[in-house]
Amino acid sequence: MTIQIVPRAGLGLDEFCRLTDLHPDLARRFVALGLLEATTDADGQPRFSPGQLARVARIRRLRAGFALNYASLGLVLDLLDRIAVLEAQRRRRDTAVVRTSARTGARTGARTWT
């Protein structure tokens, strides 16, 4: 009989709380409010991706800077994430326009301004 040891993906609750200095109950509350994303392992314990560490830092900055309650933080985080997506789309579109105009200008002999 062969037993394979498979490492668990992500950080366990204890490790995550140690790294973020959160109380486990507060981490669970953040998950319940949708502020943090966590998966559940076979034992029913939450597992956090390393990216959630930055999310906790962002939550703390917003809470300290704007004195927002945890429920309103969810809305603010969603809006900031949406803004980031829209800005990335705009940058990609602007880059594509610059590339297209550079190619078109090179073919027609028109001067390109950069």
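**Ground rules and confidence**

The model is predicted, and local features need a pLDDT of at least 70, side-chain atom pairs count only at pLDDT 80 or more, while totals for chains, interfaces and linings use all residues. Residues are numbered from 1 along each chain as its sequence is written, and side-chain values use heavy atoms, with hydrogens and water left out.

The average pLDDT (the predictor's confidence in each residue, from 0 to 100) is 86 for the protein, and 83% of the residues score at least 70. Where pLDDT is low, the predicted coordinates should not be read in detail.

**Overall make-up**

The protein has four helices and three strands, in the order β-α-α-β-β-α-α from the N terminus. These elements are DSSP runs numbered from the N terminus: helices are H or I with at least four residues, and strands are E with at least two.

Of the 114 residues, 23% count as buried. Here buried means under 20% relative accessible area, exposed means over 50%, and partly exposed lies in between (1.4 Å probe, protein chains only). The accessible surface comes to about 8600 Å², and carbon and sulfur atoms account for 56% of that surface; such areas come from the Shrake-Rupley method with a 1.4 Å probe, and for residues only the protein chains shown count as cover.

Contacts are heavy atoms within 4.5 Å. Among those between residues at least 6 apart in sequence, 43% join residues at least 24 apart.

**The nonpolar core**

A nonpolar core is a set of buried Ala, Val, Leu, Ile, Met, Phe, Trp, Tyr and Cys residues joined through side-chain atoms within 4.5 Å. The largest one has 17 residues, and Phe16, Phe30, Leu35, Leu36, Ile59 and Leu73 touch the most other members. Helices α1, α2 (24–33), α3 (51–66) and α4 each supply at least two residues of this core. Leaving aside residues up to four places away in sequence, Leu73 touches Leu35, Ile59, Leu62, Arg63 and Leu68.

**Helix α1**

Leu13, Phe16, Cys17 and Thr20 are the buried residues of α1. Seen down the helix axis, they fall within an arc of 95 degrees, so they line one face of α1; the arc is that of the directions from the helix axis to the C-beta atoms. These buried residues pack against β1 (11–12), α2, β3 (46–48) and α3. The face turned away from the buried side carries the exposed residues Asp14 and Arg18. Just after α1, Asp21 takes a positive phi of about 60 degrees.

Arg55 sits in helix α3, and Tyr70 lies in helix α4. The table gives their accessibility and one side-chain polar contact for each; a polar contact is a pair of N or O atoms within 3.5 Å, and within protein one must be able to donate a hydrogen and the other to accept it, with residues adjacent in sequence counting only if both atoms are side-chain atoms.

| Residue | Relative accessibility | Side-chain polar contact |
|---|---|---|
| Arg55 | 16% | Asp81, 3.0 Å |
| Tyr70 | 17% | Arg63, 3.3 Å |

Not counting residues up to four places away in sequence, Arg55 touches Gly34, Leu35, Leu36, Leu77 and Asp81. On that basis, Tyr70 touches Leu26, Arg29, Phe30, Leu33, Leu35 and Arg63. Tyr70 and Leu35 are 35 residues apart in sequence and 8.1 Å apart in space, C-alpha to C-alpha.
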